[in-house]
Amino acid sequence: SRVPREWTSSEIALVEETAHRTWAAVERARAEAALRESAARLRLATEAANIYGWEIDLRARRIIWGANAAAVLGFPAEALSNTFADTLALVHPDDLAATRQAVRAAIAEGENFGAEFRLVHPHTGEVVWVASQAAAVRADGLKAGAHYFGISQNITERKRRETNLAFLAEIEAELIQHVTADDILQSAGRQVGDYLRLASCLFSAIHPKRRELQRMASWFRAP
């Protein structure tokens, strides 16, 4: 029969330490896997919600954009500069003063920041609405936040829906003031044409039995 091994104290200590380190490595691997899975879920959620992250380093006076910022905004990556001046240049002129003031006030007091404003595509001129929220991180005993961590969401579609609903309410209020069908159609054509910047607007109906398209009225913008 085999003689049982007599373990020395150093061998026992070695095995125990190996087991300890092995289990620590297993737990670390599991934690890293869970973190990767969580990060993947967060990335999918932010992409689905049109959200990107960003940072402002006040001491270095630079902005750090999230990796998906350009994709969420539909901007070329080179348009997202790390400087304050270049970034403010993207803000819609009508929103620039209020946005700059809100940022300055938040930085001066080291407070959190939140605002909705428009950005303008540097090449196409397309307008993109964003809602931004940022938290101030105080450092080195300074009153003002030395760092801001923020998130922004592309809310362009939401703003379009809100604008469309406001237009529908406005057009409905005006149409009830007209009596004849011709007046109603002309008023609707003019309002739709102005709202969508059309040169003309044609109203047609489909005959319920013959399934033919019947022209009812048309509106043309005056030259």
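Which element supplies the largest share of the lining of the second largest pocket? That element is α5, with three residues. The model described here is predicted. In this model, five strands form an open antiparallel sheet, and both α4 and α5 lie across β3, β4 and β5.

- Strands β1 and β5 run antiparallel and are joined by seven bridges; across from I56 stands Y148 in β5.
- Between β5 and β4 there are eight bridges, again in the antiparallel sense, and G150 in β5 stands opposite A134.
- Strands β3 and β4 are likewise antiparallel, with eight bridges joining them; E116 has A131 in β4 as its bridge partner.

**Helices across the sheet**

- Helix α4 lies across β3, β4 and β5, and its direction makes an angle of about 150° with β3.
- Helix α5 also lies across β3, β4 and β5, running at about 125° to β4.

**Residue K159**

- K159 belongs to helix α5, which covers residues 156–175.
- The relative accessible area of K159 is 16%; because buried means under 20%, K159 counts as buried.
- Leaving aside residues up to four places away in sequence, K159 touches E116 and W129.
- One of these contacts, E116, is the residue whose bridge partner in β4 is A131.

**The largest pocket**

- The largest pocket holds about 580 Å³ of space.
- It is lined by 24 residues, of which I56, I63, F84, L88 and V103 are the closest to its centre.
- One of these central residues, I56, is the residue that stands opposite Y148 in β5.
- At least two lining residues come from each of the strands β1 (51–57), β2 (62–65), β3 (113–120), β4 (127–137) and β5 (147–154), and from each of the helices α3 (84–88) and α4 (93–109).
- Helix α4 gives the largest share of this lining, six residues.
- By class, the lining comprises 17 nonpolar, four polar and three charged residues.

- The volume of the second largest pocket is about 320 Å³.
- Its lining consists of R160, T163, N164, Y195, L196 and R197.
- The elements that give two or more residues to this lining are α5 and α6 (181–196).
- As stated at the outset, α5 provides the largest share, three residues.
- The lining divides into two nonpolar, two polar and two charged residues.
- Helix α5, which contributes to this pocket, is also the helix that contains K159 and that lies across β3, β4 and β5.

Technical notes. Residues numbered from 1 in each chain as written. Predicted model: local features only at pLDDT ≥ 70, side-chain atom pairs only at ≥ 80, totals over all residues. Heavy atoms only, no water. Helix = DSSP H or I, 4+ residues; strand = E, 2+ residues; numbered from the N terminus. Buried < 20%, exposed > 50% of the residue type's maximum accessible area, 1.4 Å probe, protein only. Contact = heavy atoms within 4.5 Å. 1 Å grid on protein atoms, 1.4 Å probe; cavity = no way out; pocket = protein on both sides within 12 Å on 5 of 7 lines; lining within 4 Å. Points joined across faces, edges and corners; volume = space filled by probe spheres on them. Nonpolar A, V, L, I, M, F, W, Y, C, P; charged D, E, K, R; others polar. Pairing = 2+ DSSP bridges. Axes fitted to C-alpha atoms, helices over the stretch in contact; angles between N-to-C directions.
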